[in-house]
Amino acid sequence: MSELWVKRNNIYMRDPKRIDRMCEKLRKIWRECPDQRLGQLIENYIIPSGEMRGEATCWLFYKEDDETEKQMDKSLRELCQHHRVVRTHGDHYLCLDCGYREV
Ligand SMILES: [Zn+2]
């Protein structure tokens with residue numbers, strides 16, 4: 001079993017510590033080449049297309065960040081288990097974790 005895995009409640013799972021660590025590395029790499037789209041950056045430096053199946057990765061390389069970010073927001077809203085809602089102004093509410101808004 002590699003260091004990727006940790007045992008929690010008798011179940012092996014991927015170590016959650018990798019998330020902040022990997023995001024920090026992504027941030028550092030992206031700061032070195034800030035004009036690259038996220039998909040382009042991932043294909044160039046994180047998951048080179050040689051390691052995957054060429055054509056299958058094109059969608060990732062050319063995907064614009066606004067679309068990627070919309071998908072990330074959508075996934076975040078779907079994955080958000082318990083909205084941490086704050087009242088912003090009037091009757092407007094916002095989840096601090098996923099950005100979900102409600103009037
Ligand atoms: Zn939420």
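**Loop, sheet and helix in a predicted model**

Colleague: What is the phi value of Asn10?
Modeller: Asn10 is also placed in the loop between S1 and S2. With 5 C-beta neighbours inside 10 Å, Asn10 is classed as exposed. Its phi is positive although Asn10 is not a glycine, with a value near 70°.

Colleague: In what order do the three strands of the open sheet stand, and which are the edge strands?
Modeller: The three strands form an open sheet with antiparallel pairing, in the order S3-S4-S5. Two of these strands pair on one side only. The edge strands are S3 (85–87) and S5.

Colleague: Over how many bridges do S4 and S5 pair, and which residue in S5 stands opposite Tyr93?
Modeller: S4 comprises residues 93–95 and runs antiparallel to S5, the two being joined over two bridges. Across from Tyr93, the residue in S5 is Glu102.

Colleague: Where does Val103 lie, and which residues does Val103 touch beyond four places away in sequence?
Modeller: Val103 lies in the segment after S5, the strand of residues 101–102. It has 6 other C-beta atoms within 10 Å and is exposed. Leaving out residues up to four places away in sequence, Val103 touches Asp91 and His92.

Colleague: How far apart in space are Val103 and Thr88?
Modeller: Along the sequence, Val103 and Thr88 are 15 residues apart. From C-alpha to C-alpha, their separation is 9.9 Å.

Colleague: What distance separates the end C-alpha atoms of helix H4?
Modeller: H4 runs over residues 65–79 and has 15 residues. At 1.5 Å a residue, H4 should span 21 Å.

Colleague: How many of the 15 residues of H4 are buried?
Modeller: A residue needs 20 or more other C-beta atoms within 10 Å to count as buried. H4 lies largely in the open, because the number of its residues that are buried is zero.

Technical notes. Residues are numbered from 1 along each chain as its sequence is written. This is a predicted model: local features need pLDDT of at least 70, side-chain atom pairs count only at pLDDT 80 or more; totals for chains, interfaces and linings use all residues. Helices (H or I, at least four residues) and strands (E, at least two) are DSSP runs, numbered from the N terminus. A residue is buried if 20 or more other C-beta atoms lie within 10 Å of its own, exposed if 12 or fewer, and partly exposed in between; C-beta atoms are placed from the backbone. Two residues are in contact if their C-beta atoms, placed from the backbone, lie within 7 Å. Two strands pair if DSSP finds at least two bridges between them. The expected span of a helix is 1.5 Å times one less than its number of residues.
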